Amino acid sequence: MTYLANRVQGFGTTIFAEMTALAVAHDAVNLGQGFPDFAAPTFLKEAAHAAIAADLNQYAPSYGRPALKQAIAAKVKRHYGLEVDPNHDILVTHGATEALCAAVLGLVNPGDEVILFEPFYDSYVPDVLLAGGVPRFYTLRQPDWAVDRAELAALFNHKTKLIVVNTPHNPTGKVFTHDELGMIADLCQEHDVLALTDEVYEHIVFDGRKHHLLAQFPGMAHRTLTISSLGKTFSVTGWKIGWIMAPPDLLAAAFRAHQFMTFCGAAPLQEAAVTALSTHDDYYMALTHDYQQKRDFLVKALQDAGLPPITPAGTYFVMVDISDLGFSDDVAFCRYLTTEIGVAAIPPSAFFHHPADGAQLARFTFCKSQPVLAEAAARLQRLRSAK
Ligand SMILES: Cc1ncc(COP(=O)(O)O)c(C=O)c1O
(Lines give C-alpha, C1' and ligand atoms only; values in the text may rest on other atoms or scores of the structure.)
Protein backbone atom coordinates (compact mmCIF):
# COMPACT_ATOMS: atom_id res chain seq x y z
CA MET A 1 0.00 0.00 0.00
CA THR A 2 1.24 3.48 -0.77
CA TYR A 3 0.52 6.52 1.32
CA LEU A 4 1.38 8.85 -1.54
CA ALA A 5 -1.40 11.11 -2.78
CA ASN A 6 -2.06 10.84 -6.49
CA ARG A 7 -0.78 14.37 -7.11
CA VAL A 8 2.76 13.48 -6.03
CA GLN A 9 2.94 9.89 -7.31
CA GLY A 10 4.91 10.89 -10.38
CA PHE A 11 7.45 13.05 -8.51
CA GLY A 12 10.61 10.97 -8.11
CA THR A 13 13.86 11.85 -6.35
CA THR A 14 15.59 14.72 -8.12
CA ILE A 15 18.58 13.97 -10.30
CA PHE A 16 20.58 16.38 -8.10
CA ALA A 17 20.16 14.20 -5.01
CA GLU A 18 21.14 11.10 -7.00
CA MET A 19 24.27 12.62 -8.56
CA THR A 20 25.37 14.31 -5.32
CA ALA A 21 25.15 10.95 -3.48
CA LEU A 22 27.22 9.31 -6.24
CA ALA A 23 29.77 12.17 -6.11
CA VAL A 24 30.15 11.79 -2.33
CA ALA A 25 30.47 8.00 -2.55
CA HIS A 26 33.27 8.32 -5.14
CA ASP A 27 34.94 11.43 -3.76
CA ALA A 28 34.33 13.19 -7.06
CA VAL A 29 34.72 16.93 -7.65
CA ASN A 30 31.10 17.98 -7.76
CA LEU A 31 30.36 20.17 -10.78
CA GLY A 32 26.77 18.95 -10.67
CA GLN A 33 24.50 20.94 -8.41
CA GLY A 34 24.61 24.72 -8.92
CA PHE A 35 25.53 26.20 -5.58
CA PRO A 36 28.69 28.22 -4.88
CA ASP A 37 31.30 26.49 -2.70
CA PHE A 38 32.97 29.78 -1.75
CA ALA A 39 32.22 32.14 1.13
CA ALA A 40 29.25 34.47 1.00
CA PRO A 41 30.17 38.19 1.06
CA THR A 42 31.29 39.29 4.55
CA PHE A 43 29.11 42.42 4.55
CA LEU A 44 26.09 40.22 4.03
CA LYS A 45 26.93 37.77 6.81
CA GLU A 46 27.51 40.70 9.16
CA ALA A 47 24.13 42.18 8.23
CA ALA A 48 22.44 38.85 9.03
CA HIS A 49 24.25 38.61 12.40
CA ALA A 50 23.22 42.18 13.21
CA ALA A 51 19.58 41.52 12.31
CA ILE A 52 19.42 38.48 14.58
CA ALA A 53 21.21 40.34 17.39
CA ALA A 54 18.73 43.20 17.02
CA ASP A 55 15.98 40.65 17.58
CA LEU A 56 14.32 40.83 14.21
CA ASN A 57 13.40 37.25 14.90
CA GLN A 58 9.61 37.19 14.65
CA TYR A 59 7.38 36.72 11.61
CA ALA A 60 7.85 39.14 8.76
CA PRO A 61 4.72 40.60 7.11
CA SER A 62 3.39 38.06 4.65
CA TYR A 63 4.11 40.36 1.65
CA GLY A 64 7.66 40.91 2.98
CA ARG A 65 9.46 43.43 5.17
CA PRO A 66 8.71 46.95 3.87
CA ALA A 67 12.42 47.89 3.81
CA LEU A 68 13.17 44.90 1.58
CA LYS A 69 10.35 45.70 -0.82
CA GLN A 70 11.69 49.24 -1.04
CA ALA A 71 15.22 47.97 -1.68
CA ILE A 72 13.97 45.65 -4.45
CA ALA A 73 12.04 48.49 -6.09
CA ALA A 74 15.05 50.83 -5.86
CA LYS A 75 17.40 48.23 -7.36
CA VAL A 76 15.04 47.50 -10.24
CA LYS A 77 14.75 51.22 -10.95
CA ARG A 78 18.54 51.63 -10.84
CA HIS A 79 19.30 48.66 -13.09
CA TYR A 80 16.43 48.65 -15.54
CA GLY A 81 14.76 52.04 -15.19
CA LEU A 82 11.53 50.23 -14.27
CA GLU A 83 9.14 51.92 -11.82
CA VAL A 84 7.75 49.43 -9.30
CA ASP A 85 5.50 50.37 -6.39
CA PRO A 86 7.05 48.68 -3.32
CA ASN A 87 3.72 48.69 -1.49
CA HIS A 88 1.59 47.07 -4.16
CA ASP A 89 3.79 45.39 -6.78
CA ILE A 90 6.18 43.20 -4.73
CA LEU A 91 5.74 39.94 -2.83
CA VAL A 92 8.72 38.49 -0.95
CA THR A 93 8.83 34.68 -1.00
CA HIS A 94 10.85 31.76 0.31
CA GLY A 95 13.21 31.77 -2.67
CA ALA A 96 12.28 31.79 -6.33
CA THR A 97 11.13 28.19 -5.95
CA GLU A 98 8.23 29.21 -3.74
CA ALA A 99 7.52 32.24 -5.91
CA LEU A 100 7.14 30.01 -8.98
CA CYS A 101 4.90 27.54 -7.19
CA ALA A 102 2.72 30.22 -5.56
CA ALA A 103 2.28 32.04 -8.88
CA VAL A 104 1.34 28.88 -10.79
CA LEU A 105 -1.03 27.68 -8.04
CA GLY A 106 -2.60 31.11 -7.85
CA LEU A 107 -3.14 31.53 -11.59
CA VAL A 108 -3.56 28.16 -13.28
CA ASN A 109 -6.85 26.24 -13.27
CA PRO A 110 -7.20 22.51 -14.02
CA GLY A 111 -7.02 22.07 -17.78
CA ASP A 112 -5.25 25.38 -18.44
CA GLU A 113 -2.20 25.02 -20.66
CA VAL A 114 1.19 26.38 -19.63
CA ILE A 115 4.01 26.75 -22.18
CA LEU A 116 7.44 25.76 -20.89
CA PHE A 117 10.78 25.90 -22.68
CA GLU A 118 12.75 22.71 -22.34
CA PRO A 119 15.24 21.81 -21.04
CA PHE A 120 13.38 23.25 -18.03
CA TYR A 121 14.28 24.05 -14.45
CA ASP A 122 13.08 21.02 -12.55
CA SER A 123 10.30 22.58 -10.46
CA TYR A 124 8.26 23.97 -13.41
CA VAL A 125 6.52 20.76 -14.46
CA PRO A 126 5.59 19.69 -10.90
CA ASP A 127 4.22 23.20 -10.23
CA VAL A 128 1.99 23.01 -13.30
CA LEU A 129 0.86 19.48 -12.47
CA LEU A 130 0.07 20.42 -8.84
CA ALA A 131 -2.22 23.12 -10.21
CA GLY A 132 -3.90 20.59 -12.54
CA GLY A 133 -2.49 22.43 -15.54
CA VAL A 134 -1.22 20.90 -18.77
CA PRO A 135 2.43 21.61 -19.72
CA ARG A 136 3.15 22.23 -23.41
CA PHE A 137 6.80 22.17 -24.41
CA TYR A 138 8.99 24.20 -26.72
CA THR A 139 12.27 22.34 -27.22
CA LEU A 140 15.38 24.51 -27.37
CA ARG A 141 18.01 22.86 -29.54
CA GLN A 142 21.77 23.17 -29.48
CA PRO A 143 24.05 24.81 -30.43
CA ASP A 144 22.32 28.22 -30.29
CA TRP A 145 19.06 27.26 -28.50
CA ALA A 146 17.23 29.77 -30.75
CA VAL A 147 13.45 30.24 -30.66
CA ASP A 148 11.53 29.82 -33.92
CA ARG A 149 8.42 31.97 -34.09
CA ALA A 150 6.22 29.56 -36.04
CA GLU A 151 7.13 26.63 -33.80
CA LEU A 152 6.39 28.67 -30.68
CA ALA A 153 3.19 30.16 -32.11
CA ALA A 154 1.89 26.64 -32.75
CA LEU A 155 1.81 26.01 -28.98
CA PHE A 156 -0.57 28.91 -28.27
CA ASN A 157 -4.33 28.28 -28.30
CA HIS A 158 -7.48 29.31 -26.41
CA LYS A 159 -6.53 27.07 -23.47
CA THR A 160 -3.11 28.72 -22.95
CA LYS A 161 -3.01 30.60 -19.66
CA LEU A 162 0.67 31.16 -19.05
CA ILE A 163 4.13 31.00 -20.58
CA VAL A 164 7.18 30.54 -18.35
CA VAL A 165 10.38 32.19 -19.60
CA ASN A 166 13.66 31.58 -17.81
CA THR A 167 16.34 34.03 -18.89
CA PRO A 168 19.28 33.67 -18.42
CA HIS A 169 18.38 30.03 -18.87
CA ASN A 170 19.36 27.05 -16.74
CA PRO A 171 20.68 24.61 -17.95
CA THR A 172 21.63 25.88 -21.45
CA GLY A 173 23.20 29.22 -20.47
CA LYS A 174 21.04 30.88 -23.14
CA VAL A 175 20.16 34.55 -22.70
CA PHE A 176 16.92 35.24 -24.57
CA THR A 177 17.55 37.96 -27.16
CA HIS A 178 15.57 41.17 -27.43
CA ASP A 179 13.94 39.84 -30.62
CA GLU A 180 12.95 36.55 -28.99
CA LEU A 181 11.38 38.33 -26.03
CA GLY A 182 9.58 40.66 -28.45
CA MET A 183 8.20 37.62 -30.26
CA ILE A 184 6.99 36.14 -26.95
CA ALA A 185 5.43 39.49 -26.00
CA ASP A 186 3.56 39.63 -29.34
CA LEU A 187 2.21 36.10 -28.94
CA CYS A 188 1.12 36.74 -25.34
CA GLN A 189 -0.87 39.76 -26.46
CA GLU A 190 -2.32 38.07 -29.54
CA HIS A 191 -3.61 35.17 -27.42
CA ASP A 192 -4.24 37.02 -24.14
CA VAL A 193 -1.70 34.94 -22.24
CA LEU A 194 0.15 35.77 -19.01
CA ALA A 195 3.94 35.52 -18.69
CA LEU A 196 5.99 34.35 -15.74
CA THR A 197 9.69 35.12 -15.99
CA ASP A 198 12.34 33.43 -13.88
CA GLU A 199 15.32 35.78 -13.77
CA VAL A 200 17.39 34.37 -10.89
CA TYR A 201 20.56 34.61 -13.04
CA GLU A 202 19.81 38.21 -14.15
CA HIS A 203 23.26 39.43 -13.04
CA ILE A 204 25.28 36.59 -14.55
CA VAL A 205 25.41 37.57 -18.24
CA PHE A 206 28.64 37.47 -20.26
CA ASP A 207 30.54 39.17 -23.07
CA GLY A 208 28.77 42.51 -22.68
CA ARG A 209 25.31 41.07 -23.37
CA LYS A 210 22.26 42.67 -21.77
CA HIS A 211 19.56 41.03 -19.72
CA HIS A 212 16.12 42.27 -20.84
CA LEU A 213 12.97 42.26 -18.75
CA LEU A 214 9.94 40.89 -20.59
CA ALA A 215 7.82 43.11 -18.32
CA GLN A 216 9.33 46.15 -20.06
CA PHE A 217 8.13 45.21 -23.53
CA PRO A 218 5.15 47.21 -24.80
CA GLY A 219 1.88 45.75 -23.58
CA MET A 220 3.56 43.34 -21.13
CA ALA A 221 3.62 45.25 -17.82
CA HIS A 222 0.08 44.24 -16.84
CA ARG A 223 0.44 40.58 -17.88
CA THR A 224 3.92 39.68 -16.56
CA LEU A 225 5.10 38.35 -13.21
CA THR A 226 8.87 38.79 -12.79
CA ILE A 227 10.58 36.43 -10.36
CA SER A 228 14.09 36.72 -9.00
CA SER A 229 16.02 35.88 -5.85
CA LEU A 230 19.11 36.68 -3.83
CA GLY A 231 20.72 33.24 -3.91
CA LYS A 232 22.68 33.28 -7.17
CA THR A 233 23.59 36.97 -7.19
CA PHE A 234 24.91 37.04 -3.62
CA SER A 235 26.12 33.42 -3.28
CA VAL A 236 23.60 32.65 -0.52
CA THR A 237 21.44 29.95 -2.09
CA GLY A 238 20.60 28.63 1.39
CA TRP A 239 18.92 31.87 2.44
CA LYS A 240 15.97 31.34 0.12
CA ILE A 241 15.00 34.99 -0.26
CA GLY A 242 13.02 35.46 -3.46
CA TRP A 243 10.38 37.82 -4.80
CA ILE A 244 7.71 38.41 -7.39
CA MET A 245 7.15 41.77 -9.08
CA ALA A 246 3.78 42.09 -10.76
CA PRO A 247 0.75 44.33 -10.96
CA PRO A 248 -1.45 44.03 -7.85
CA ASP A 249 -4.14 41.78 -9.38
CA LEU A 250 -1.59 39.17 -10.53
CA LEU A 251 0.37 39.49 -7.30
CA ALA A 252 -2.79 38.93 -5.26
CA ALA A 253 -3.29 35.58 -7.01
CA ALA A 254 0.20 34.40 -6.03
CA PHE A 255 -0.28 35.81 -2.54
CA ARG A 256 -3.36 33.65 -1.93
CA ALA A 257 -1.22 30.54 -2.31
CA HIS A 258 1.86 32.04 -0.62
CA GLN A 259 0.09 32.89 2.63
CA PHE A 260 -0.74 29.22 3.23
CA MET A 261 2.49 27.72 1.90
CA THR A 262 5.10 29.61 3.92
CA PHE A 263 3.28 32.75 5.10
CA CYS A 264 6.66 34.54 5.08
CA GLY A 265 10.38 34.02 4.61
CA ALA A 266 13.02 34.35 7.35
CA ALA A 267 12.71 37.86 8.85
CA PRO A 268 16.38 38.53 9.78
CA LEU A 269 17.55 37.34 6.37
CA GLN A 270 15.03 39.67 4.72
CA GLU A 271 16.63 42.49 6.71
CA ALA A 272 20.12 41.43 5.59
CA ALA A 273 18.82 41.30 2.02
CA VAL A 274 18.18 45.04 2.24
CA THR A 275 21.92 45.52 2.73
CA ALA A 276 22.63 43.20 -0.21
CA LEU A 277 20.34 45.01 -2.62
CA SER A 278 21.62 48.41 -1.58
CA THR A 279 25.21 47.55 -2.56
CA HIS A 280 27.10 49.57 -5.02
CA ASP A 281 26.84 48.51 -8.65
CA ASP A 282 30.54 47.57 -8.61
CA TYR A 283 29.44 44.40 -6.82
CA TYR A 284 27.45 43.24 -9.84
CA MET A 285 30.28 44.07 -12.23
CA ALA A 286 32.76 42.10 -10.14
CA LEU A 287 30.34 39.15 -9.99
CA THR A 288 30.00 39.03 -13.78
CA HIS A 289 33.73 39.44 -14.24
CA ASP A 290 34.57 36.61 -11.81
CA TYR A 291 32.03 34.25 -13.34
CA GLN A 292 33.19 35.07 -16.86
CA GLN A 293 36.73 34.07 -15.87
CA LYS A 294 35.46 30.84 -14.33
CA ARG A 295 33.39 30.16 -17.45
CA ASP A 296 36.40 30.68 -19.71
CA PHE A 297 38.53 28.42 -17.53
CA LEU A 298 36.02 25.56 -17.51
CA VAL A 299 35.14 25.90 -21.20
CA LYS A 300 38.84 25.55 -22.06
CA ALA A 301 39.31 22.64 -19.63
CA LEU A 302 36.38 20.82 -21.25
CA GLN A 303 37.73 21.51 -24.72
CA ASP A 304 41.19 20.26 -23.71
CA ALA A 305 39.63 17.09 -22.32
CA GLY A 306 37.83 16.39 -25.62
CA LEU A 307 34.38 17.36 -24.32
CA PRO A 308 32.88 19.88 -26.80
CA PRO A 309 31.37 22.70 -24.70
CA ILE A 310 28.51 24.94 -25.85
CA THR A 311 29.75 28.28 -24.51
CA PRO A 312 27.04 29.83 -22.31
CA ALA A 313 25.94 33.46 -22.69
CA GLY A 314 24.85 33.61 -19.05
CA THR A 315 24.25 31.62 -15.81
CA TYR A 316 26.96 29.51 -14.20
CA PHE A 317 26.34 26.37 -16.25
CA VAL A 318 27.91 24.98 -19.39
CA MET A 319 26.49 22.21 -21.54
CA VAL A 320 28.67 19.71 -23.35
CA ASP A 321 27.74 17.79 -26.48
CA ILE A 322 28.55 14.12 -25.77
CA SER A 323 27.17 12.68 -29.00
CA ASP A 324 30.58 11.64 -30.36
CA LEU A 325 31.86 10.08 -27.15
CA GLY A 326 30.30 6.66 -27.56
CA PHE A 327 28.02 6.53 -24.49
CA SER A 328 24.50 5.12 -24.65
CA ASP A 329 23.11 8.25 -22.98
CA ASP A 330 23.82 11.16 -20.65
CA VAL A 331 23.12 9.16 -17.49
CA ALA A 332 25.68 6.51 -18.49
CA PHE A 333 28.19 9.25 -19.31
CA CYS A 334 27.67 11.16 -16.04
CA ARG A 335 27.91 7.95 -13.99
CA TYR A 336 31.16 7.05 -15.77
CA LEU A 337 32.56 10.53 -15.32
CA THR A 338 31.74 10.52 -11.60
CA THR A 339 32.89 7.02 -10.74
CA GLU A 340 35.88 6.59 -13.09
CA ILE A 341 37.16 10.13 -13.74
CA GLY A 342 36.19 11.72 -10.42
CA VAL A 343 34.14 14.67 -11.71
CA ALA A 344 30.37 14.85 -11.25
CA ALA A 345 28.06 16.50 -13.80
CA ILE A 346 24.28 16.46 -14.28
CA PRO A 347 22.57 14.43 -17.02
CA PRO A 348 20.14 16.90 -18.62
CA SER A 349 17.67 14.29 -19.93
CA ALA A 350 15.80 14.87 -16.64
CA PHE A 351 15.02 18.38 -17.90
CA PHE A 352 13.18 17.22 -21.07
CA HIS A 353 9.72 15.65 -21.27
CA HIS A 354 11.17 13.20 -23.78
CA PRO A 355 14.44 12.25 -22.01
CA ALA A 356 15.94 11.20 -25.37
CA ASP A 357 16.10 14.89 -26.36
CA GLY A 358 18.72 15.49 -23.68
CA ALA A 359 20.54 12.18 -23.91
CA GLN A 360 23.50 13.64 -25.81
CA LEU A 361 24.23 16.46 -23.37
CA ALA A 362 25.88 16.90 -19.96
CA ARG A 363 25.70 19.94 -17.69
CA PHE A 364 28.66 21.24 -15.67
CA THR A 365 28.65 24.16 -13.26
CA PHE A 366 31.48 26.63 -12.71
CA CYS A 367 30.19 28.30 -9.52
CA LYS A 368 33.13 26.77 -7.65
CA SER A 369 36.36 28.13 -6.23
CA GLN A 370 39.38 28.20 -8.53
CA PRO A 371 41.26 25.30 -6.82
CA VAL A 372 38.17 23.10 -7.22
CA LEU A 373 37.84 24.03 -10.89
CA ALA A 374 41.57 23.39 -11.37
CA GLU A 375 41.28 19.96 -9.73
CA ALA A 376 38.30 19.15 -11.97
CA ALA A 377 40.31 20.26 -15.02
CA ALA A 378 43.22 18.01 -14.03
CA ARG A 379 40.92 15.04 -13.52
CA LEU A 380 39.12 15.65 -16.81
CA GLN A 381 42.48 15.22 -18.57
CA ARG A 382 42.23 11.53 -17.55
CA LEU A 383 39.56 11.23 -20.23
CA ARG A 384 42.34 11.60 -22.80
CA SER A 385 44.20 8.53 -21.57
CA ALA A 386 40.99 6.63 -20.81
CA LYS A 387 40.07 6.59 -24.52
C1 LIG B 1 16.24 28.66 -13.15
C2 LIG B 1 16.12 28.59 -11.68
N3 LIG B 1 15.02 29.06 -11.09
C4 LIG B 1 14.86 29.03 -9.76
C5 LIG B 1 15.83 28.49 -8.93
C6 LIG B 1 15.61 28.44 -7.46
O7 LIG B 1 15.89 29.64 -6.86
P8 LIG B 1 15.82 29.77 -5.27
O9 LIG B 1 17.01 29.11 -4.70
O10 LIG B 1 15.79 31.24 -5.04
O11 LIG B 1 14.56 29.10 -4.82
C12 LIG B 1 17.01 27.98 -9.50
C13 LIG B 1 18.03 27.36 -8.66
O14 LIG B 1 18.88 26.62 -9.10
C15 LIG B 1 17.16 28.03 -10.91
O16 LIG B 1 18.24 27.55 -11.50
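User: I would like to begin with Thr 288; in which element does Thr 288 lie?

Analyst: Thr 288 lies in helix H10, and everything said here about positions refers to a predicted model.

User: Which residues does Thr 288 touch, leaving aside those up to four places away in sequence?

Analyst: Once residues up to four places away in sequence are set aside, Thr 288 touches His 203, Val 205 and Phe 206. The C-alpha atoms of Thr 288 and Asp 207 are separated by 9.3 Å, although these two residues are 81 residues apart along the chain.

User: How is the chain divided into domains, and which residues belong to each?

Analyst: The domain assignment gives domain 1 as residues 6-40 together with 282-386, and domain 2 as residues 42-277. Their C-alpha centres lie 25 Å apart.

User: How should I read the area that domain 1 and domain 2 bury between them?

Analyst: In general, the size of an interface is often given as the accessible area lost when the parts come together. Here, domain 1 and domain 2 bury about 3300 Å² between them, with 64% of that area on carbon and sulfur atoms. Counted by residues, 36 from domain 1 are in contact with 42 from domain 2.

User: How many salt bridges are there between domain 1 and domain 2, and how many residue pairs are in polar contact?

Analyst: The general idea is that side chains of opposite charge can pair when their charged atoms come close. Between domain 1 and domain 2 the count is one salt bridge; Asp 207 forms a salt bridge with Arg 295, in which the closest N and O atoms are 2.9 Å apart. Polar contacts between domain 1 and domain 2 amount to 13 residue pairs, with both residues of each pair at pLDDT 80 or more.

User: Which elements give two or more residues to the side of domain 1 that touches domain 2?

Analyst: Those elements are helix H10 (282-304), strand S10 (317-321) and strand S12 (361-365), and H10 gives the most, with seven residues. Sorted by class, this side of domain 1 has 22 nonpolar, nine polar and five charged residues.

User: Which residues are found around the ligand?

Analyst: The residues around the ligand are Gly 95, Ala 96, Thr 97, Tyr 121, Asn 166, Asn 170, Asp 198, Val 200, Tyr 201, Ser 229, Lys 232 and Lys 240. Particular atom pairs can then be read one by one: an oxygen atom of the ligand is 2.8 Å from a polar backbone atom of Ala 96, and an oxygen atom of the ligand is 2.6 Å from an N or O atom in the side chain of Thr 97. For Lys 240, the distance from an N or O atom in its side chain to an oxygen atom of the ligand is 2.7 Å.

User: What is the backbone phi of Lys 240, and where is Lys 240 found?

Analyst: Lys 240 has a positive phi of about 55°, although it is not a glycine. Lys 240 is found in the loop between strand S7 (224-229) and strand S8 (241-245).

Conventions: Residues are numbered from 1 along each chain as its sequence is written. This is a predicted model: local features need pLDDT of at least 70, side-chain atom pairs count only at pLDDT 80 or more; totals for chains, interfaces and linings use all residues. Side-chain values use heavy atoms; hydrogens and water are left out. Domain bounds come from an automatic or database domain assignment. Contact means heavy atoms within 4.5 Å. Buried area is the accessible area (1.4 Å probe) that two parts lose on being put together, summed over both. A salt bridge is a side-chain nitrogen of Lys or Arg within 4 Å of a carboxyl oxygen of Asp or Glu. A polar contact is a pair of N or O atoms within 3.5 Å; within protein, one must be able to donate a hydrogen and the other to accept it, and residues adjacent in sequence count only if both atoms are side-chain atoms. Helices (H or I, at least four residues) and strands (E, at least two) are DSSP runs, numbered from the N terminus. Ala, Val, Leu, Ile, Met, Phe, Trp, Tyr, Cys and Pro count as nonpolar, Asp, Glu, Lys and Arg as charged, and the others, Gly among them, as polar. A residue is near a molecule or strand if one of its heavy atoms lies within 4 Å of it.
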